[in-house]
Amino acid sequence: MAKQEKIMVVDDEPSIRKYLQTLLEVDGFQVETQASGKEALARIGEGERPFLIILDVLMPEMDGLETLRQLMHMDRTLNVIMLSCSNEVTTVVEAIRLGALDYLTKPFEKPELDAALLKCRQKQQLRTENETLREHCETVTEDISFLASSPQMLKIRQQVLQIAPVDVPVFISGESGVGKEVIARMIHLRSLRRQQAFVKVNCAALPGELLESELFGYEQGAFTGAVRAKPGKFELANKGTIFLDEIAEMSTQLQAKLLHVLQDGQYSRLGARSVVNVDVRVLAATNVNVKDAMRTGRFREDLYYRLNVLSIHIPPLRERASEIPILFRHFLLKYSEKYQKFAPEPSRHLLDAAARYSWPGNLRELENFVKRYVILEDDEGSLRELIEMTSQQRVAPREEAPVAKEQSLKALVRGLKDEAEMEAIAEALDKTNWCRKDAARMLGISYKALLYKMRQFNLDSGRSSRSAAAKAAKQAAEKASAQEETPSVPAVRAR
Ligand SMILES: Nc1ncnc2c1ncn2[C@@H]1O[C@H](COP(=O)(O)OP(=O)(O)OP(=O)(O)O)[C@@H](O)[C@H]1O
Ligand SMILES: [Mg+2]
């Protein structure tokens, strides 16, 4: 027989203890009852770990909140549900802040108890999923996680493991926020230089001369303001790794100097006569298209070939969308730990919407989104935000996107949806006397989204009536059917 799950009921009132015990035992739980916070704490101190603790707020001696505080101090992963007498909002808020999962107001009915138990189960499931996730996640150091589950990223991980110990430069490319720095750090930490320094320089952060002195250092009096000699980043990275981030932003003069340093392994500090010998592995990254930058003369070809002995291109998140749920949960765990909060359980709708959005800011955008979600704990608000972001993305490309013949049913549905949308917008505009801010609020979309839509549907104040909208809708439908008949290239549409 499967082991019974244990629930600990902590209440000073014997009748409540009995009532809960009966209800829970009927459901097949093993129940342990305790009459005070002190006794409960003693049991947890002995190593007892029930699946759930149901804890009364009002108890003599040590009250429920204090007991909860001490329980959380002993083990933050305990599942606790509070029992409060009336709707004591401040107590409930405090209990949730301290780490309680939920609360029940006495007297409560069985369905309320069931709902609280379900919440506990979901929480436990999330915890197990997170543990599995951690097993997948290759932790390089305590604070670098590299998750990979798509074929492209698994291949990159393999490449990194192969490339890291080979002491040559690596060129890392990919859009903003895809994980270039994570890869650079992984390469260093997997290399023979891992005990030495990893020095990062953001080449876009400083103007030309300042960047030069940052990289190569200077002697006292080398220029006005150089009151003391300063070693450059290359010296600081000696025997280790230097990561030149956003390298395409470096001026072409400095690119020439860098090329010499890479060739000779030596250079002079600004204002110095002697040379400095350095042994540094260079990793460089950029989010611009280097081939284009070379064509326009912005990036030196000779430097590129010097740096690009090995290269890694990291695909954008939209090309590995299968990783979105796993990354979502990863960031969820990261920030709930950081902010000492229980990880909220994202709704299925929210996860689905996240998987549909194309994340132009890649992992960084997703990370910031999840961070907000953890802080605000507003599933509905986050979902609304995502839907809005997704619809804004769709609006722009759809105008030019010709529809392929075989997609006629889709086009029809879309046409109908557009028509309904246009009607609703025109109605809101009419009602608010064409005050677009009020109309946006009425429709529950952002002002910007409304402007997009108005442009898309060709709605302007000159045709301020619903009949105008109907006319526009008809025109749009005609336009759509005309496109149906035109053989065209496949539509490029934001997901
Ligand atoms: N494979 C991954 N697994 C887990 N987290 C990741 C992964 N790749 C990136 N991240 C996280 O995503 C965020 C962005 O990554 P990173 O800073 O490396 O991107 P980037 O390409 O250097 O961005 P930018 O071009 O904006 O400098 C970081 O917080 C990083 O920890
Ligand atoms: Mg970066």
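This is a predicted model: local features need pLDDT of at least 70, side-chain atom pairs count only at pLDDT 80 or more; totals for chains, interfaces and linings use all residues.
Residues are numbered from 1 along each chain as its sequence is written, and chains are lettered from A and ligands numbered from 1 in the order in which they are written. Local features need pLDDT of at least 70, side-chain atom pairs count only at pLDDT 80 or more, totals for chains, interfaces and linings use all residues, and side-chain values use heavy atoms, with hydrogens and water left out.

Select the open sheet of five strands, with the order E2-E1-E3-E4-E5 and parallel pairing. Strands (E, at least two residues) and helices (H or I, at least four) are DSSP runs, numbered from the N terminus; two strands pair if DSSP finds at least two bridges between them. At the edges, E2 (30–34) and E5 (102–105) each pair on one side only. Neighbouring strands are turned by 20° against each other on average, direction ignored.

Next, select residues 52–56 and 80–84: E3 and E4 pair in the parallel sense over four bridges. Leu83 in E4 is the bridge partner of Asp56.

Angles run from 0 to 180 degrees between N-to-C directions, and axes are lines fitted to C-alpha atoms, for helices over the stretch in contact.

Finally, select H18 (residues 436–443) and H19 (residues 447–456), which pack at about 100° with axes 9 Å apart. H18 is therefore roughly perpendicular to H19 (65 to 115 degrees). Arg436, Lys437, Ala439, Ala440 and Leu443 in H18 meet Tyr447, Leu450, Leu451 and Met454 in H19.

How values were computed: Angles under 35 degrees count as roughly parallel, over 145 as roughly antiparallel, 65 to 115 as roughly perpendicular and the rest as oblique. Contact means heavy atoms within 4.5 Å.
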